[in-house]
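Hi everyone, thanks for coming. Let me put today's model up on the screen, and then I'll talk you through a few parts of it.

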Amino acid sequence: MEQERQEENQKLTKKISPYKIIYPIIIGLAVVSYMLYKEFDPKAFDMITFTWNTVFWLFVAVLCMAIRDFGYIIRIKILSGGKLNWIQSIRIIFLWEFTSAVTPSAIGGTSLAILFVHKEGIGVGKSSAMVMATSFLDELYFIIMFPLILLFVNHQALWEMPDTTKAVADGLILVAVIGYSVKLAYLLVLSYGLFKNPRGLKWLIMKLFRWRILRKWRHDANEAGTDIIRNSHELRSMPFSFWLKTFGATFFSWTARYWVVNAILVAFWFGRYDWAQHFLIFARQLVMWIMMLVSPTPGGSGFAEFVFSKYLGEFLPSAGVAIAMAILWRLISYYPYLFIGAFIVPKWIARSFGKTSKKTKTNN
């Protein structure tokens, strides 16, 4: 038993090692350094003024991220049926965010999220259902918001990038379309499995994993199919008020995150943007996040800064300033999770897998 615990500890430590914060930092700095080298213009920075208004709106940007995290914390508490206290919910969210920050955007932190929830005393079946529900709610937000953006925002204004070559612009649009298609396909399959025909989805999964190229993961696929069947019964029994509350928390979390850039821009150029421009900036951030889905780098490092400078550059005085704002944006919305995670991960591993760790539930 002791040996099994040590092996489990070592595997987990390798996956969420605090040392993994080095990779996204190096990638992000490398890309930003190159862009600054190509686009740096000292005179452009003369347009940046730092006042008490700047301090206030930068505080608002940080507050938006805090609201985003608070929404996630409330959601995980609701999904647990009140079994998680505030400290446990906060710990799970920051562990989850750290995992998302050190893994490619397409993978995210959900692969270990079930373990994070389970180690806080929630049964394996319930933990799996909670994580699957969060995934469903997050994807539902994007699937609903993207068509609304297209409906209310001028298409040409949404996609045009004046200082970007047509090839780059077309490439980013294609990435957004691919990202949305992946999200839509995932949500449709997940919805079908959870709410309509879980056994049929498991049958389809097992059929797919008969292919030689996928056969070695057939056992894991079988477990995933079983989880879908088990979770379906629990989630389908939830009342409408449950989904209304959890989606409400999801909506406020993601929306607050997208207002971060608006607050940053107001901090340095107060009064420069009207409401139409603010809504367009918000809309472009949602599209940016869909683009980042296909990024192969940890947390979208490098790719996020590049997309920001190209896709939001027209709202800033110059390309060099756009890169500087991209760095500030990531300092507020991304890097804190790396350092918070690096601090809490070792303590959580010692607490959850150490000799004195409390016995967690294994029942559903």
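First, some housekeeping. This is a predicted model, so to speak of local features we need pLDDT of at least 70, and side-chain atom pairs count only at pLDDT 80 or more, while totals for chains, interfaces and linings use all residues. Residues are numbered from 1 along each chain as its sequence is written, and side-chain values use heavy atoms, with hydrogens and water left out.

So what is the secondary structure of the protein chain? It comes to 15 helices and 0 strands; these are DSSP runs, H or I of at least four residues for helices and E of at least two for strands, numbered from the N terminus. Of the 364 residues, 50% are buried, meaning under 20% relative accessible area with a 1.4 Å probe, protein chains only; exposed is over 50%, and partly exposed lies in between.

Now the first pair. H6 (residues 124–152) and H11 (residues 240–268) pack at an angle of about 60°, with their axes 10 Å apart. Axes here are lines fitted to C-alpha atoms over the stretch in contact, and angles run from 0 to 180 degrees between N-to-C directions. H6 and H11 are therefore oblique to each other; under 35 degrees would be roughly parallel, over 145 roughly antiparallel, 65 to 115 roughly perpendicular, and the rest is oblique. Among the residues making the contact are Leu137, Asp138 and Tyr141 of H6 and Thr250 of H11, where contact means heavy atoms within 4.5 Å.

Let's stay with Thr250, which is found in H11. Is Thr250 buried or exposed? Thr250 counts as buried because its relative accessibility is 0%. Leaving aside neighbours within four places in sequence, Thr250 is in contact with Arg75, Leu137, Asp138 and Tyr141.

On to the second pair. H12 (residues 275–292) and H13 (residues 303–311) pack at an angle of about 145°, with axes 10 Å apart. On the H12 side we have Arg284, Val287, Met288, Met291 and Met292, and they meet Phe303, Ala304, Val307, Phe308 and Tyr311 in H13.

Last stop, H9 (residues 198–208). Which residues of H9 are buried? They are Pro198, Leu201, Lys202, Ile205 and Met206. Down the axis of H9, these buried residues fall within an arc of 135°, so they line one face of the helix; the arc is taken from the directions from the helix axis to the C-beta atoms. The face turned away from that buried side carries the exposed Arg199 and Trp203.
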